[in-house]
Amino acid sequence: MERFQKNCFLKSLLLIFALVMFSASAFAQKSVTGKVVDEHGEGLPGVNVVEKGTTNGTITDIDGIYHLNVKDDASIIFSFIGYDDVELATAGGTTFNVTMKESTQEIDEVVVVGYGTMKKSDVSGSSITMKAEDMEGFVGSGVDQVLQGKAAGVQVTANSGQPGGGMNVSIRGNGTLSLKNSQPLYVVDGVPIQNVSQTGHEVGLGDALGNGNGTFSGLSNLNPDDIESMEILKDASATAIYGSRAANGVVLITTKKGKKGKANFNYIGTYGIATQPTKLELMNLQEFARYNVALYQESTSSSQPQESYYDYTILGKGVDWQDAIYRTANMQTHQLSASGGTDNVRYYISAGYYDQEGTMYGSDYKRFSTRVNLDANLTPWLKVGTNTSFAKSEDNLGLTNSVDGVLSQAYRMLPDVPVYTIDGDYSADSREGAASKPNPLWKAKNEENKLKRYDLVSNLWSEIKFMEGLTLRTEYSTDYLWSNAYHFEPSANYDGYVNNNNSIRWQSNNSLYWEIKNYITYTKTFFDVHNITAMFGQETSKSTWEYLAAESSALESNDIHSPQLGSNQTIGSGFGSGSRVSLFGRFFYNYDGKYNLTYTYRRDASSNFGPQNRWGNFHSVSASWNAHKEEFFKSIENIVSTARLRIGWGQVGNDNIGSYKWGASGKADFNDLGATYQITNIPNEFISWETQESWNLGFDFGFKRDRFNLILDFYNKTSKDMLMEMQLPTYMGTQGNKSQILNAPSGNFGEINNKGIEITINTVNIDKKGLKWTTDLSFSRNINKLKSLSGSGNSSFYGHGQWDADVVSITKEGEALYQFFGYNVIGVYESMDDLVNSPRDISLSVGRDGLWVGDLKYEDVDKDGKIDENDMTVIGNPFPKFTCGLTNTVTYKGFEFSLFITSSYGNDVLNYNAIDLTAMNSLWQNQLKDVEDRAILKPIDESKVYPAEGITVQYPVQNKETGDITYIDKTVSNWYDDPTNIQVANKGGKMPRAITGDPANNQRISSRYIEDGSYIKIKTLSLAYNIPQMYTKKLKLDAVKVYASVSNLYTFSKYKGLDPEIGTSATSDYVIGLDNGRYPAPRIVTFGLNVSF
Amino acid sequence: MKKHVIKIAESAFVAAMLTLSACEDFLDRPTEDSFTVSDYFQNDEQCLSAVNTLYASPWNDYLRGYLNIGDILSGNYFMGADDSFQTMTVNSANPAITQASASLWDVIAHANTTIQYLEEANGSTTEAIRNQCIGECLVMKSMAYFMLVRTWGAVPIIHKTDEIVASGSSFNLEKATEANVYDYIINTLSRAMELLPKKIGNKDGRIDYYSAEGLLAKVYLQAAGVGGTLKQSVLDKAKEHAQNVIENSGRTLYPDYPDIFRYTTGAYNPEGLITLHWKVSKRWTINNWAWSDWCAAIFVGTGYGWGEWRGVTLDLQKIFNVDPTDVNSIYASAYSYMKDASKVRKVADYAIQNNSNADTRRQTTMIMYGDYYPLWWRNQGGFLATEDNAYNICNGYAGSDATTTVFSSPTGAQIGKYLFGNKEDHFAETGDYVDKMQAGIHQHLLRLSDIYLVYTEATMAASSSGASRSTSDVKYYNEVRKRAHAEEVSSVTLPELINERRRELSFEGDNWYDYVRLADYDLETAKSLIFAQNRGYYSSDLLKSVYGVEGKTGTPVLNEATLDKVITDDNGKAFRLPFPQTDVAANPNLNAKDGVEYDFSGVDYYNPDLFKNL
């Protein structure tokens, strides 16, 4: 090593000597000057002007003027980022005015490809780059939100509009059936992000967020303002280098780095006001009173409406509970960064603060983050550096989503319950015949679900350059995440609502992830045209986690939230670990910039699998042809500026199933007999990798000197042996409460195919006299299909709504994933004739407290004359036929205007929230105004008289085995019990009658709740102004930009719920597009300031 | 220079190889925070604790099933006029039946898996304990099957869970016929009797030989009429086994009926044959929460129960000779009651009367106006059911004005069985404080007095029709009655025996099956007994007019409700619940009406002489 250093030292000395000698040999000098302008004749400041072959140079001043002393016959080179270089000979002159043209050729930018970088034109796989500029004006806490609508093939939907809430990101469709395993791998400066999406259960909030609901994003620990660029790798030939973790795509994130030069300070600050743009159309007090009385009269209810409801006209509108729980919320963000460097050391340091209130009371998100990115050349052959970030965040999660959530409760609250009593205390809904209900606002403000997180991510690296083109890079990365989850349920006693028992749970989690990787890269060009890059490396990683939880109840007061102060104290704890070992390599060959060939290989082992099945191998090959560099293209260069063909094939995998499914686990506990040990799963020693194979065919075109760019990609990918838990029938003992069941074995089952097309169009529509208008369009269409479920024993997988017993989706062999499943409503039984002559549910008795006129009529799918479970069918598809993102940007003299629209077409939404809100089965719940369209019953013959002792009529009786109707004599004393004198008044509807108890089960999952979820959303509208330098200079500032933007401005949709953009359901692994009263996305008006100095 | 490169590359390569060679250890990561199953079952204690699980957790989701199926269908409990169990209109989509059945299947899966590992156990385990443990699993599994077959009729037989999962046949399983399921239970219990020890008494609360035999007697009795005609040979088996348990088990009827349902005296009671041992725990499924469904909101602590607007049926009250509108009938049937409805508000000021000849089961089973319970609310001098807001169950709405609310039970009676008082009472009994839906009160699945009644029913000749079956072999029958201070009789008919079973066993989740058993061989009599029940309620205030409470208004209006239909399963079979829809949708074979003959060749202990050839 010592000699190596000495050699290098000598070499460097020689080089310096040579330079000095060269300078010394300079002879006759002259001074040249001139003005550099752009195509519009405006002076260009800051252009580098260098004498060719020397270090002699200067830069242009604010008006574009330069002065430089050069040799008599020297050439000078003008260069400026974004413009083509200009070279001119100075022989015979001293004044040279230069017009620089904006580069038409894409600068051959360097992109990150995983364990290295490549020139963009060399990349054959399918990937998308997003730059910091593309994210400007973005409002939100996490990088996943940035991706929305911006990249073709990347579908991003919000799981919740809560501050800090998680997104569901799917790249080219769902690669695996189990949705919780289908998030992409995010790699920040080489370190994979842990815990991308976590549920309440995983951090210790249990069901406090609503039966497994409520996900929050691990990505929100990364400050988006620190990001320099993101690379979304979509096809397997691009992702294969990440092998076993790449099945759902990879997002490579590079954070900002310092550049040589003076310290550059940058401040970004925003202030925003968020409001709730939409509300559900619930009944007001008058409407509710009228409905309530009608419900009593129309049904067999034994409890009576309040007296005051009978004359609804004297009532007011009552309380709108949606207004009560929403607020106008503030948000602010601040970020200060400094960057710069010398020849040998470069730095970027930043500190950021993010503070967003939720539009629903009781929810907010705060984050403080810092980052240090350093790199230093210690010797000419040794570079070291670090990227280290620390983030501290605090989520007040509330109980927002799900059936028990504040929102759902507020919807159901009766409009005659005031928010506060006359004394100013909270009011509650307490009345006879129904359990007392708490005040949703009280719930929102007093129930605590808090999550604090501290995340330290650090990457230390060194790079040794053995010789030109041969380097060894070693990285040691750690991600240390502490989190504390707090749940507190207060005791209460107000207005008839009493909860004597408060309870508390506090869980402390910490997890440590580390990885070490070493890889050698060799780059060389032979005979000028043969370029090769070879990379070979090794990686080892380990993650450990542990938690300690304490809970108790009956604390003396609600003031101090410490488990130690309560009784029934319980401790919970757990710990575990996982590890991976990998080898990988990449070979790249390029011929003359025209032909590219890339081969990658990765071999991975994961501790998630048993000894026989640990190792997996993943290969990929891709090739591309830069046709525009061929001779024959020269002739049409002015029309077609870029033409590239890409083709790729690759394999990737998925090991994301959790540890030790290959063996049987048990949990130790106790009951009154003493210690217990419960076996918790059926093992599967054969469990192994899920593999995915995909093809990609892509075309990149640039027309008219790349003013019009078109990127087209076609893909076809097939996932095999998908990792999931078997879904066995109830009688196998694997269903029911998770704490008591024997979990079904996890294994490798089935096959999914996704194919699709992605189109990206970027155009410069106008570029004249300082006015520039550009348009970026991305279009994606994906078709998924479950090809088989081989090995699982099932021919279909079911997804559930809120509870296990309630089936809402089916994933069936040969069909699309997660389709909504239920009965197809074709109308209501409009008369008794209609009822007896149509297919019916024969398990029900005919009668007013059974199946009756006004009940829903379902399609008899199997045509067997009766309605039963065999008539459940596919009633909707949650996946869009296509999605689009459209960005228009207009800049003019420092102004920047941009409009960003996302849209989705053809997706269905299951409006699960509407089940209860149109149930019409209880006097004590408010309902959507839609129930006014319900089937109203009325007598056929209004004049028919019913004496007190009743009259005898022919009454239909259903044989529950055959469904045959026979008639018996029965005495009835009312038209609504009289089968011969009843009909639906408002014929043609699809909404059933109102009746307490819902005896005909009109609430079963049916097309009644399926709605078209297509939408066009004006996601962002922004206007920015760059204050001219003539003003900023006076303030000694380099640049000042002010802007205003509105996000979620408006959504065009037929959907009756709040927001048709609905992500996955955390309750069930096989459900997407189910709206169970989730937190809607707010509309945020933001004002921002961006200052460089 | 070159040499160095090679050297460094070499060392990197060596380092990589070293990592890889050590990596099999590095990659081997079974569960760390708990024993893996393969490390467990090493000694007798571990075997026993694996079986202990079956005495609580897997049964948890069935807690509501006991009430819904065992007691609401049978007419013991009024859940509200619209309740589908009340009106016998439960359909296959009802989540309650899915949940209940899932729980029973969980018991079976856990029993099967535990047996599988017990059979492979070695280490320092002893054969005696392994056998005992396997025997306990077999009895729990039989108990679950017994619940299933009586509730749903034909069901699939899951003999070995792992084999069925591995063979991939889970989704094509057929239902076994009801007779097959009974045959399977009888064989399984007989096998358990070969393995289980005979012990004296029930101090450890565990299953033993006599638990298995007691259950066997009851299963034989239930199976006797399967197929439509009562088989005398099967009844004889029931009688024989019942008698053996009564005479040889060393278990005895506990002198005080109420104490069977109280933790300190009841959990390890000499009368218990199969008992679940719940305990207060923050870990869900270890607690008993069944009481929350019938206990009034303020009885244990506000928010701990939601039993208002529900109550013990007028029909069950009637067979105890009590009428909520007749205060004197209440006093006469109570073993401990207040003398008069004076307006004194402090319990200690009441004069408490003791009624030595009242049937102790009435006041244990239900709480009515004026009943006094010295062991509940003992820190406040005992519990007295009155109109007084602070001290009674009659007012469901704590915090609101007592004078404006009505008697919270529309039938005038609430369930008292298995209630334990308030937090302090629960602590005094069990050493733990009760929490919301978390109590440590035990639960009997099979008691000795049940076997006494099984014996009695088995002595009724098979030849006569249901309504006229009777017996004069009433020695054990009278034992049950004597213990409860009820009069002795010289003979008993079947309908009267069914009522006696309701008096003795109501709210223990069993009474519905008495009607199921009868319906199997005499549907019409079973129907007529159900149709004769009064399932109605009072829709206005009982307090003012009956109990003379000041400030109360209204006169009680009786809403009489009787049934004209009994529940049928999806195939029209009466007295059976429809099979849960989720399973039928996944496995259409389950639509097969009566199931198919089960192939017993995989059951190595099968003996056709135990049932099939009888």
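Tutor: Let's start with a term: a residue is buried if its relative accessible area is under 20%, exposed if over 50%, and partly exposed in between (1.4 Å probe, protein chains only). This is a predicted model, where local features need pLDDT of at least 70, side-chain atom pairs count only at pLDDT 80 or more, and totals for chains, interfaces and linings use all residues. Residues are numbered from 1 along each chain as its sequence is written, chains are lettered from A and ligands numbered from 1 in the order in which they are written, and side-chain values use heavy atoms, leaving out hydrogens and water.

Now the rings. Phe, Tyr and Trp (its six-membered ring) pair up if the centres lie within 6.5 Å, with planes under 30 degrees apart called stacked, over 60 edge-to-face, and the rest tilted. Over all chains, that rule gives 64 aromatic pairs. Take B:Phe299 and B:Trp377: their centres are 5.9 Å apart and their planes sit at 35 degrees, so this pair is tilted. B:Phe299 belongs to helix α12 (residues 297-300) of chain B, while B:Trp377 is in the loop between β7 (372-373) and β8 (383-384), so the pair ties together parts 78 residues apart in sequence. Those elements are DSSP runs numbered from the N terminus: helices are H or I with at least four residues, strands E with at least two. Both partners are tucked away: B:Phe299 is buried at 1% relative accessible area, and B:Trp377 is buried at 5%.

Rings also gather in a cluster made of A:Tyr731, B:Trp105, B:Tyr145, B:Tyr184, B:Tyr598, B:Phe600 and B:Tyr606.

Some rings have a charge over the face, meaning NZ of Lys or CZ of Arg within 6 Å of the ring centre and within 35 degrees of the ring normal. B:Arg150 does this to B:Tyr513, at 4.0 Å from the ring centre, and A:Lys445 does it to A:Tyr361, at 4.6 Å.

Further out, the two chains meet. The contact (heavy atoms within 4.5 Å) takes 103 residues from chain B and 101 from chain A. Across that interface the rule finds two salt bridges, each a side-chain nitrogen of Lys or Arg within 4 Å of a carboxyl oxygen of Asp or Glu. B:Arg283 and A:Asp669 meet in a salt bridge, at 3.7 Å, N to O. On the side of chain B that touches chain A, α5(B) gives the most, with 12 residues.
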